[in-house]
Amino acid sequence: MVTIVWDLKKPLPELRINEEIVLKPVSREDLKEVGKILVVTWGGFIKSPETTERYVGPYLSAGLEQPFLAYLGTKPVGCVSPRLDKESKVGVLDGGVHVLPEHRRKRIGTTLLLMALQWLKDCGMERAKVTPFNPEGEEAIQRAIAFYLSTDGRII
Ligand SMILES: CC(C)(COP(=O)(O)OP(=O)(O)OC[C@H]1O[C@@H](n2cnc3c(N)ncnc32)[C@H](O)[C@@H]1OP(=O)(O)O)[C@@H](O)C(=O)NCCC(=O)NCCS
């Protein structure tokens, strides 16, 4: 397993984004929508949307994690959930970036990632990190690594 980090003390990378989608912060009531995406994109790691509600809910309520959904019209098509670590100042992309298969390679992942990095930076984090993981297998993990490296992440 590798860890990928971003230096948030530097300006965020200038990357082409998807102008069509709208990103919205997720409230506790809408966490299930995040779970519905993860059930599709995470190779069975999340078996029901309620898992996300149970796992992320307490962090959200404590103000430590803020999931974002990407909407194409009224349909959620991607998500990311940055979480603070106030002690280390290294924020975590909890579970990484996820985009529904039929909407990939349209810069939606990049748009979500930049939002997550900006949120972590605004909350005082100095670095962000993610451990690329997908139970679908090595191909999915390599795809995630290629994606994170394309967004200025560095393997440590
Ligand atoms: C990884 C993932 C989030 C990328 O989302 P996306 O919206 O398709 O990514 P983008 O369109 O923003 O891609 C940005 C760049 O990343 C790289 N990239 C993205 N997908 C890639 C792939 N399948 N192969 C190689 N490079 C890829 C490319 O450099 C791409 O730029 P380009 O399309 O101009 O060549 C998406 O594939 C996904 O949801 N995968 C399944 C869930 C998952 O495993 N998430 C990570 C968990 S840690």
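View 1. Axes are lines fitted to C-alpha atoms, for helices over the stretch in contact, and angles run from 0 to 180 degrees between N-to-C directions. Helices (H or I, at least four residues) and strands (E, at least two) are DSSP runs, numbered from the N terminus. The model is predicted: local features need pLDDT of at least 70, side-chain atom pairs count only at pLDDT 80 or more, and totals for chains, interfaces and linings use all residues. Residue numbers start from 1 along each chain, as its sequence is written.

**View 2. Four strands make an open antiparallel sheet.** Their order is S2-S3-S4-S7. Strands count as paired if DSSP finds at least two bridges between them. Strand S2 (22–25) and S7 stand at the edges with a single partner strand each, so one side of each has no neighbour in the sheet. Strand S4 (residues 75–80) meets S7 in the antiparallel sense, over two bridges. Here Cys-79 stands opposite His-98 in S7. Helix H1 (residues 31–41) packs on this sheet and touches strand S3 (68–72), S4 and S7. The direction of H1 makes about 80 degrees with that of S4. Contact between two residues means C-beta atoms, placed from the backbone, within 7 Å.

**View 3. S3 and S4 form a hairpin.** Two residues lie between the strands. Gly-73, in the turn, has a positive phi of about 65 degrees. Five bridges join S3 and S4 in the antiparallel sense. Tyr-71 has Pro-76 in S4 as its bridge partner.

**View 4. A five-strand open sheet has mixed pairing.** The order is S5-S6-S8-S1-S9. Strand S5 (82–83) and strand S9 (154–155) are the edge strands, and each pairs on one side only. S5 and strand S6 (residues 90–93) run antiparallel, joined by two bridges. Pro-82 stands opposite Leu-93 in S6.

**View 5. Helices H1 and H2 cross.** The axes of H1 and helix H2 (residues 49–61) come within 8 Å and cross at roughly 130 degrees. The two helices are therefore oblique to each other. Angles under 35 degrees count as roughly parallel, over 145 as roughly antiparallel, 65 to 115 as roughly perpendicular and the rest as oblique. From H1, the contact includes Leu-31, Val-34 and Leu-38. From H2, Pro-49, Val-56 and Leu-60 are among the residues taking part. By class, the contact has seven nonpolar, four polar and four charged residues. Ala, Val, Leu, Ile, Met, Phe, Trp, Tyr, Cys and Pro count as nonpolar, Asp, Glu, Lys and Arg as charged, and the others, Gly among them, as polar.

**View 6. A shell of 22 residues surrounds the ligand.** The closest are Gly-96, Arg-104, Gly-109, Thr-110 and Ser-150. Strand S7 (98–99), helix H3 (108–122) and helix H4 (138–150) each supply at least two residues of the shell. H4 gives the most, with six residues. By class, the shell has ten nonpolar, seven polar and five charged residues.

Methods. Near = placed C-beta within 6 Å.
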